[in-house]
Amino acid sequence: MAGNRAENGFDGAAVRGRIGLWERVDRFSSDPDVGAAAAEAESLGYSTVWIGGAFPGHLFENARTILDATEQLRVASGILNIRAFTAADAIAGVEELEKAHPGRFLLGLGVSHAEFMRREGMEFLPPLAAMRAFLDALDAAGIGKDRRVLAALGPKMLELAGERSVGAHPYFTTPEHTASARAALGADAFLAPEQKVLLETDADKARAIARDAMGMYLRLANYTASLKRLGFTDADIADGGSDRLVDAIVAWGDEETVAERVRAHLAAGADEVTLHVLPSREGATGLPRDEWRRLAGALLG
């Protein structure tokens, strides 16, 4: 399958240094101009649009709209929750997109969170076993490792990502995690960390917005365990996050300050950095196209 990786553009050597965009599926669904936004993102030079679609919604529908409106822009799920989607649903969605736009969709897979599953009254099976079973079903359908990527934070899931997918899409991390993930995956795997960014130069306002965005994740055990592996403490995680933690997770400031953080991920071994723009305006809806334009000027020339 290695030949296909070069063909569809998701191998590390082909994409290293590229910048993608990450956004929740509901933001795509609520924006009436998704196609126009995607076409502009492509014209600005962004490489991939990552759709955060953890629970069933309009993941594949939005992916098709974006692909139909563009020529080379890739789309990835960031991520599809294997506890909420059946393998059959994922296979059908991928096959439809592959038929219409060969080689332009990457299936990002994640195991969700015990806290979410228990809240919904669902059994939380061991993450590695659940992921292996899902990957077995994809293999049986002919959706090989070079057409999928795993949301991986810890060493065991990173190992599985390297063995059974094109690589890893870490979320809620830092350049230090990118360096350790690159070491774990090896030189050839695809590595695309998400980076939260905020174009706000006032420290108090920026950190308040960042804490609001981070709050949910600081209550989830897999993210807090990942942060502790990076050297953060219970005190850093408590009460919405210390300034040190907030500043490490969210790159806030002007365009050049944000660009410095992105370049730190690339220097640490990222192939593609996926920008997750936090809105600086209260009540902002739809896709952050103005921020995409401003960041493109600093990152894409």
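Predicted model: local features only at pLDDT ≥ 70, side-chain atom pairs only at ≥ 80, totals over all residues.
**Entry 1: the contact of H4 with H5**

On the H4 side I found Val 34, Gly 35, Ala 38 and Ala 39, which meet Asn 62, Thr 65, Ile 66 and Ala 69 of H5. Sorted by class, the residues of this contact are five nonpolar and three polar, with no charged residues.

**Entry 2: the geometry of the pair**

I noted that H4 covers residues 34-44 and H5 covers residues 59-69. Their axes lie 8 Å apart, and the helices pack at an angle of about 55°. I asked myself how H4 and H5 are therefore placed to each other. I recorded the crossing of H4 and H5 as right-handed.

**Entry 3: Ala 36**

I then turned to Ala 36, which also has its place in helix H4. Is Ala 36 buried, partly exposed or exposed? Its relative accessible area is 41%; Ala 36 is therefore partly exposed, since this value lies between the limits of 20% and 50%. I also checked Thr 70, which is 34 residues from Ala 36 along the chain, and found 9.0 Å between their C-alpha atoms.

**Entry 4: the nonpolar cores**

I looked up the largest nonpolar core and found that it holds 62 residues. Leu 80, Leu 109 and Leu 275 touch the most other members. Leaving out residues up to four places away in sequence, I listed the contacts of Leu 275, among them Ile 19, Trp 22, Tyr 46, Val 262 and Leu 299. Another core, of 30 residues, lies apart from the largest one and includes Ala 192, Leu 198, Ala 206 and Ile 249.

Methods
Residues numbered from 1 in each chain as written. Heavy atoms only, no water. Axes fitted to C-alpha atoms, helices over the stretch in contact; angles between N-to-C directions. Helix = DSSP H or I, 4+ residues; strand = E, 2+ residues; numbered from the N terminus. Parallel < 35°, antiparallel > 145°, perpendicular 65-115°, else oblique. Left-handed = near helix turned anticlockwise from the far one by under 90°. Contact = heavy atoms within 4.5 Å. Nonpolar A, V, L, I, M, F, W, Y, C, P; charged D, E, K, R; others polar. Core = buried A, V, L, I, M, F, W, Y, C linked by side-chain atoms within 4.5 Å. Buried < 20%, exposed > 50% of the residue type's maximum accessible area, 1.4 Å probe, protein only.
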